[in-house]
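Work through these exercises with the sequence and the model side by side. Try each task before reading its solution.

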Amino acid sequence: MREEALNWLEVARRNLRRAEASFRMGDNEACVFWSQQVVEFALKAIWLALGRLPPKTHNLRELYEPVRPTLGQLDEATLSELTPFYSASRYPDIFSGVPEIHASTAERFLAFAREVLAKVEALLGGSARDPGQEA
């Protein structure tokens, strides 16, 4: 396994913890942002594990399409729906004001991020490090 792929997977795990903490605090906008980052980083880890450089994009569908045969089926509608939250959850001019994301939306995206990360971890095997279990 390429070290670089493991690094991206490690940061995806950290981003999941950030998303979970944000959700617990009721910060739905941050939860959705970090959920998008979990999926993005997990998909980029697959690219790197396959010996390819991922494109410099935040578009989850663009990152997923080429690795679909390796990863298997993901909910493409959710990938498309989550993609804009990379920007929309942080910039007031996207929504023409302060973004407000309902808790049910944040919870749904958080569950999706967990699902994607679990699939990538299973695919990449037990050689991936978990920073939460450092000595």
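## Exercise 1: Two packed helices

Leu 9, Ala 12, Arg 13, Leu 16, Ala 19, Glu 20 and Phe 23 of H1 are in contact with Ala 103, Ala 106, Glu 107, Leu 110, Arg 114, Leu 117, Val 120, Glu 121 and Leu 124 of H7. By class, this contact of H1 with H7 has eleven nonpolar, no polar and five charged residues. Contact means heavy atoms within 4.5 Å. Ala, Val, Leu, Ile, Met, Phe, Trp, Tyr, Cys and Pro count as nonpolar, Asp, Glu, Lys and Arg as charged, and the others, Gly among them, as polar.

The model is predicted; local features need pLDDT of at least 70, side-chain atom pairs count only at pLDDT 80 or more, and totals for chains, interfaces and linings use all residues. Residues are numbered from 1 along each chain as its sequence is written, and side-chain values use heavy atoms, leaving out hydrogens and water.

**Task.** Describe how H1 and H7 pack.

**Solution.** 
- Step 1. Locate the helices: H1 covers residues 3-25 and H7 covers residues 103-124. Helices (H or I, at least four residues) are DSSP runs, numbered from the N terminus.
- Step 2. Two packed helices are described by the angle between their axes and the distance between the axes. For H1 and H7 the angle is about 155°, and the axes are 11 Å apart. Axes are lines fitted to C-alpha atoms over the stretch in contact, and angles run from 0 to 180 degrees between N-to-C directions.
- Step 3. H1 and H7 are therefore roughly antiparallel, a term for angles over 145 degrees.
- Step 4. The crossing of H1 and H7 is left-handed: the near helix is turned anticlockwise from the far one by less than a right angle.

## Exercise 2: Salt bridges

**Task.** How many salt bridges does a search of the whole structure find?

**Solution.** 
- Step 1. The search finds ten salt bridges. Each is a side-chain nitrogen of Lys or Arg within 4 Å of a carboxyl oxygen of Asp or Glu.
- Step 2. Arg 13 and Glu 121 form one, at 2.5 Å from N to O. Arg 13 lies in H1 and Glu 121 in H7, so this pair ties together parts 108 residues apart in sequence. Arg 13 is buried at 10% relative accessible area, whereas Glu 121 is partly exposed at 25%. Buried means under 20% relative accessible area, exposed over 50%, partly exposed in between (1.4 Å probe, protein chains only).
- Step 3. Glu 40 and Lys 44 form another, at 2.9 Å from N to O. Both lie in helix H2 (residues 28-49), four residues apart, about one turn of the helix. Glu 40 is buried at 2%, and Lys 44 is buried at 7%.
- Step 4. Arg 61 and Glu 76 also pair, at 2.9 Å from N to O. Arg 61 is in helix H3 (residues 60-64) and Glu 76 in helix H5 (residues 76-82), so the pair ties together parts 15 residues apart in sequence. Arg 61 is partly exposed at 29%; Glu 76 is buried at 17%. Salt bridges with shared partners join Arg 61, Glu 65, Arg 68 and Glu 76 into one network.

Terms used. Angles under 35 degrees count as roughly parallel, over 145 as roughly antiparallel, 65 to 115 as roughly perpendicular and the rest as oblique.
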